[in-house]
Amino acid sequence: MSDAAAVQSPWQTAGIVRIEKRTPRVTSFFFLPSRPFAYRAGQHVDVRLTAPDGYQVRRSYSIASAPEIDGVIELAIEKLDDGEVSPFFHEVAAVGDEVELRGPLGGHFVWPDGESGPLVLIGGGSGVVPLMSMIRHRAARNSPVPVVLVFSARVWDEVIFRGELIGLDDRRDGFDLVLTLTREAARRPADYARRVDVAMMVQAMARLPEPPGIAFVCGSNAFVSAAAQALIDAGVAAEVIRTERYGV
């Protein structure tokens, strides 16, 4: 779907069918749209809330679920203390509630159709969410494409999807997980305890059988700038790096 076509996607209601705590500040909400839609790994949706006085607020959230999951979509929402939308989900929303959403949106930050060669995925905090859709998409297809995920979090308890990611890493089927914690010591032998840097990117790409065909970087503005530059300094061509940013 093109961006132009996606923008025209109509608003629709979607009911919350399940809620799952991921970390102390991130919770997954599973929605069943009234009109289920197909999407690509990496796309997002807009969510709109309307107050009793008519005031509306909308936010964009990446889809965490794999496109192969029929109907239900997963949005992993981080609680922001000064936010207008996330506190509603974390403090008020319950199974059975309905919200408005539209999508899918976005055509740049998606895993291309077909096999595009090895993938490097770099995520900071909740920036891992669209990358998780790609990882799950790969697993659902039993794809042989080699993938390495470098996931930066502050502490072990803030590693979103931790159990699932470690389980996929343990399969040793071409998916490699690299965790780096910026405020705690590493918990696994091959992981790190520092911010992403050139040496880390070089070592991560050494896990791939050949240079990456495409790289995806998602996180805060500062994180994406640093990670993308580290990739370039490690020898990855700028034209194969796709980025998605949020916040400041």
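Leaving aside its neighbours within four places in sequence, with which residues is D191 in contact?

A: The structure is a predicted model, in which local features need pLDDT of at least 70, side-chain atom pairs count only at pLDDT 80 or more, and totals for chains, interfaces and linings use all residues. Residues are numbered from 1 along each chain as its sequence is written, and side-chain values use heavy atoms, with hydrogens and water left out.

Beyond those sequence neighbours, D191 is in contact (heavy atoms within 4.5 Å) with L177, V178, L179 and A186. D191 lies in the loop between β9 and α5 (198-205); helices (H or I, at least four residues) and strands (E, at least two) are DSSP runs, numbered from the N terminus. D191 counts as buried because its relative accessibility is 10%, buried being under 20% relative accessible area, exposed over 50% and partly exposed in between (1.4 Å probe, protein chains only).

The side chain of D191 has two partners to note. With the side chain of R188 it makes a polar contact at 2.6 Å, and it reaches the backbone nitrogen of L179 at 3.0 Å. A polar contact is a pair of N or O atoms within 3.5 Å; within protein, one must be able to donate a hydrogen and the other to accept it, and residues adjacent in sequence count only if both atoms are side-chain atoms. D97, by contrast, is 94 residues from D191 in sequence and 40 Å from D191 in space, C-alpha to C-alpha.

The largest has 33 residues, and L121, L149, F161 and L165 have the most contacts inside it. A second, separate core of 23 residues includes V196, A227, A230 and A234.

Definitions and conventions: Core = buried A, V, L, I, M, F, W, Y, C linked by side-chain atoms within 4.5 Å.
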